[in-house]
Amino acid sequence: MAKQLKLWIDNVEVEVPAGTSILDAAKKAGKYIPTLCYHEDLRATANCGICVVEIEGQNGTKRACSTAVWEGMKVRTNSKKLRELRRTLLEMILADHEVECPTCEQNNRCQLQDLAYLFGVDEKNMPKVRKPQPVDDDSFAIVRDPNKCISCGRCLIVCQEVQTVHALTIDGRGFEGKITTPFDKGMLDSPCVNCGQCTVYCPVGALKEKSHVEQVWDALLDDEKYVVVQEAPAIRATLGEEFGMDPEKVTVGKMYAALRRLGFDRVFDTNFSADLTIMEEGTELITRLKEGGKLPLITSCSPGWIKFMETYFPDLAENVSTCKSPQQMFGTLVKTYFADKEYLNPAKICSVSIMPCTAKKFEANRPEMRDSGFQDVDYVLTTREFVRMVNEAGIDFKNLPEEKADDLMGQYTGAGTIFGATGGVMEAAIRTAYYVLVGKELDNLDIQAVRGITGIKEASLTVPTKELGDVELNVCVAHGLGNARKVMEWIQSGEKNYHFVEIMACPGGCVGGGGQPYGSSIADRARRGLSLYKEDKDLPARCSHQNEDVMKCYRDFLDAPNSEKAHKLLHTYYFERNAMSGEATKEVTHKH
Amino acid sequence: MKFYRSHILIGIDDESLKAGVKRIENALRNELEKYELADEINIMETGALGYFGTGISMLVYPEQITYVNISEEDIKEIVQEHFLKGRVVNRLVLEEKITGMYDYNYKGRIVLSNSGLIDPEDIDEYLGTGGYEAWEKALAINPSEIVEIVKKSGLRGRGGAGFPTGLKWSFTAPLEADQKYLVINADEGEPGTFKDRLIMEGDPHKLLEGIMISAYAIGATKAYIYIRGEYKLCISRLKKAIEQAKKYGLIGENIFGSGFDLDIKIKIGAGAYVCGEETALIESMEGNRGTPRAKPPFPGVEGAWKKPTVVNNVETITNVPAILQNGADWYLHFGVENCSGTKVYTVMGDVKLPGLCEVDMGTTLRTIINQYGGGVKEGKKFKAALVGGAAGVFLPNKLLDVKMDYNNLKEYSAVLGSGAILVMNETADIIDMLWSVIRFFRHESCGKCSPCANGNEVLFKLIDNIRKGEGKKEDLDKMIHIAEMMNLSCFCALGQSLLMPVKSAIDNFRDDFLEKIKK
Amino acid sequence: MYKKILEKYEPKKENLISILHDVQDSNEQNYISDDAVWEISQYLNITPSHIHGVISFYSMFSFKPRGKNVIRLCESPPCFLRGSENILAKLRQLLGIKIGETTEDGLFTLELTACLGVCGNAPVMMINEDVFGDLTEKRVEQIIENIRRRAK
């Protein structure tokens, strides 16, 4: 255990382990030192200087975020000079910031706005030095507005160090030094995997999703269009936070009610296709295990991960499940299965999804995602966009009645729900694979070893199969692409031998997706994961093979898991991509 | 070994090469042969002779006569008159009574003792001056003793901050590590500073010897010289010197049976002033953008590739051989209390003889400018000197008699910095000069921290407005305020040090600013 | 394409800057091309985005094509005091380009640089690897003329 050090923060005595930053020590002493570039999840860059404090007996100041405490240190977090300093720094940052607060994505939650107000900043004190720059909005998923960027460096750390995607870099230096894409080619032509973690961590409005709100409103208000909606498992874990309700409870019934009030013609649920994914992917796993196919099998539901794999690990493409993501399975079925059932012209159907994810916007636009004969998913809204639409429509979300999803593609089990948390797909797959291989349900459906916020989780379980006897199943769950990279390198080098691997691009899984509320911390993500597990526990059916709607779909339309029709509609193939431009250069796996 | 009646030292540097010094050297050689003087008169190539703007120059030794602005046509006359007839060609002689590098009566030439006198590309010449004796001596004693000697000598870092060198070493020397590094900061980028270039061009072996001793003292088996990419001649001379030292077994494995290994490598920069900051330099060495790291951990504990690393300036390390050879007490005789030794200054701007000189610490600014720089040129009056480079201070007339050493200058909120002295005459416009200084910082800020990146930009905007006659009186205090805030909050010394030029220019020459604003 | 240069160095990130120097020097247009970046990134096992960050940080590097002769005029205070602004005006007039631009014939690119460490000869400029000091408008004219003549 690290040595305990005693120090004083504004005369309050506090004891913390050696290595603690002044910032954290101050928190313990009940003092929040103002910060701007700092985020608790990320390495302190010490860029902005807002968190400076004075230390008795020392000249100058120290940055609280990146200075470790020492024994007997006496810290002052507030003084005339420090206030003056913080105010001046903020004025200088604003001098290079496009101030358009009322229309900004981050209005009312912007950290710069907050601090500017708190410190009584007078924007006019400094000459404006901003030079207008073009907004980069060619990407399917992310819009980057350098005019608002304050060069805090959070997006860089997330993109380079946490996600190891390297789609962002700094061009030049000094005041002219700007965060941009490699060789200034724009997000579309960069290795960006659209995970959107940069948007979550941006403290101002410089990074946000490419919005589809207008297109969705147009479709909803167009009588010709039949608008169908699906909602991802993870968004129900965050709506409570956004609408001022219990953040520890999932919000389902009110979500359906709100969607109906927005004017969607049919309200389904992505959880349905999450269960469907398990049937397909579980069958694929069992087939590979039985027939000696390529192992480990790696999950494919996270489109950020898929593009990452195509860019950095195309040699492992054959390991990746051929299953489309739940969103895309759903999209294909809406314009085939559902259209058939309802005698609707698929050309008139507008398929909308609400996702915790920005990469889903890119995925929906992949040219191969048109197995229905149309673009399978027309528009993807993030959680944030959905919340904005509800608020714009003046819907009193909190007081809405609890409603149910529509039949046919609305039913789901607990297995579908936990897709939203890291380890959830793994757990759901194990529940069903066990059932199929052993012929009975698992005694304990809670597979704790794959739950939780640890970056890489490993587990080993013995499955007493009917046909093959006892089978040892080694599984691994990684979330965050930096962790995924490590696991892929282990697989490449043969250092680890897994049978089944779950990868989610975003830390925490989909509850921590790039389309979730701005500023989501790891702690928020962990809490959201827990609320999904809670819903799972409370549901009558907790295994995908118990989903009646899914079984009906097989009976009436798809025949059986991994049938020819299922392969045609629910499975896909992968490309190799150029790591400089992100461009697909060749197919590395092929359609069945 | 041959004995010569006279030696002709020809200064070879980038500038003289450009002016065709080789052509003139050949003409001289031919001319001497023509009169069968080749056996009597030795021609030696050496580094820069220590003054600039004087075209191709050569120094005749032992007569101590310097010919300047020599053209090919003059060669005949020089040979016939001087070497045949013993008559000095007065029209080409450097008239100014300057001392500079060639003050032979001054015993304090430590760093520059060989510069301009030996052929820097020949290790034997360096050996002939007693070179590498200190290295041999060092290997015979305990490394910790060397640290003590340097500590006692009072040697302080010559890169600008003036941190005691022995103390710096004493943090790293006792650390146990599988690898330690010595890094020589030869990224000389402070505007107006070119002393390290001339040390390296003129006497590369002395630097190498200093590196050897210092590396041994701290237990570093790998040393890097991080040198700016523009210094092509230095790079090639140092490479040659390293090769020679290797050949002579001065570096390599188990040097002289001591059990100590040392490898010296050169790392090349690519144009970034901030890399003069030691942690930024380390980042750059590792192949990254040269942005500074947080301290602590200090490089002495966790530096290059996370290993203990001592970073020292070229001039600092070049002092080490003499300290070891002659002892700490000898070194303490030079300079003033708490600031021992000599300092190499570069004097330039509106002076008669821009160049460099090595003088005792504590020598006054007036002496340096008048005696070594030849005074203000064209009979103009002195207005100000920017002392210490861009990160320095504008000193007015009334401070000309300030003693130049680390401690004393602090009392005037000034710094010795890298030893650059830019002299401005009465016609110089301080506003223009400050504008130029801020433009420099704005260009060189690494952009890592916003106080520096944005602060420089805002300051530049303000000074630019003032320069254009659009400034306001309040802008002056605002500028000082911003620079003060930057001083308190910038991540590294680059942004912190802008306060010195800004405050000194405005405080010492406020009337100039006000006049401009009124217009 | 750059194999010869790369193989001179161990495949370690610390050699990046030296490699970039060599690659740029080997290029007629004094720049580091996308292809070169890709090859270097493969050789050193570092990302193109890292290389972009490094290239753009150091003023000696460029990832945009430049002229055969890159003129880097010092803009630091010592040269400024000795009249570098006049030299700049002269260069702009002679070349007909602004700072950062390249002449149409691809012969010159005009850049400003921080102190080159030759301040005794202020004002100073570098053309590729060569230093030219004690510049006067007349001298600049001769230098440019010489280069133009030799290029013919």
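Residues are numbered from 1 along each chain as its sequence is written, while chains are lettered from A and ligands numbered from 1 in the order in which they are written. Since the model is predicted, local features need pLDDT of at least 70 and side-chain atom pairs count only at pLDDT 80 or more, whereas totals for chains, interfaces and linings use all residues.

**View 1. The contact between chain C and chain B.** In this interface 38 residues of chain C are in contact with 45 residues of chain B, two residues being in contact if their C-beta atoms, placed from the backbone, lie within 7 Å. On the side of chain C that touches chain B, at least two residues each come from helix H2 (16-26), helix H4 (48-57), helix H5 (77-81) and strand E4 (130-132) of chain C; helices (H or I, at least four residues) and strands (E, at least two) are DSSP runs, numbered from the N terminus. H2(C) gives the most to this side, with five residues. By class, the side of chain C that touches chain B has 21 nonpolar, eleven polar and six charged residues, where Ala, Val, Leu, Ile, Met, Phe, Trp, Tyr, Cys and Pro count as nonpolar, Asp, Glu, Lys and Arg as charged, and the others, Gly among them, as polar.

**View 2. The contact between chain A and chain B.** Chain A and chain B contribute 25 residues and 25 residues to their contact, respectively. Helix H2 (residues 80-94) of chain A provides the largest share of the side of chain A that touches chain B, namely five residues. That side of chain A comprises 14 nonpolar, nine polar and two charged residues.

**View 3. Domains 1 and 2 of chain A.** Chain A is divided into domain 1 (4-78), domain 2 (97-209) and domain 3 (214-587), with bounds that come from an automatic or database domain assignment. The centres of domain 1 and domain 2 of chain A, taken over C-alpha atoms, are separated by 27 Å. Ten residues from domain 1 of chain A and twelve residues from domain 2 of chain A take part in the contact.

View 4. E13(A) and E14(A) pair in the parallel sense over four bridges, pairing being assigned if DSSP finds at least two bridges between two strands. Within this pair, A:Met355 has A:Thr382 in E14(A) as its bridge partner. Both faces of E14(A) are covered, with A:Tyr379 and A:Leu381 on one side and A:Val380 and A:Thr382 on the other, all of them buried; a residue is buried if 20 or more other C-beta atoms lie within 10 Å of its own, exposed if 12 or fewer, and partly exposed in between, with C-beta atoms placed from the backbone. In helix H13 (residues 383-392) of chain A, the buried residues include A:Phe386, A:Val387 and A:Val390. The buried residues of H13(A) pack against several elements of chain A, among them helix H8 (253-262), strand E13 (349-355) and strand E14 (379-382). Just after H13(A), A:Gly394 takes a positive phi of about 70°.

**View 5. The loop around C:Gly100.** C:Gly100 lies in the loop between helix H6 (84-95) and strand E2 (108-113) of chain C. C:Gly100 counts as exposed because it has 12 C-beta neighbours inside 10 Å. C:Gly100 and C:Leu112 are twelve residues apart in sequence, and their C-alpha atoms are 8.0 Å apart in space.
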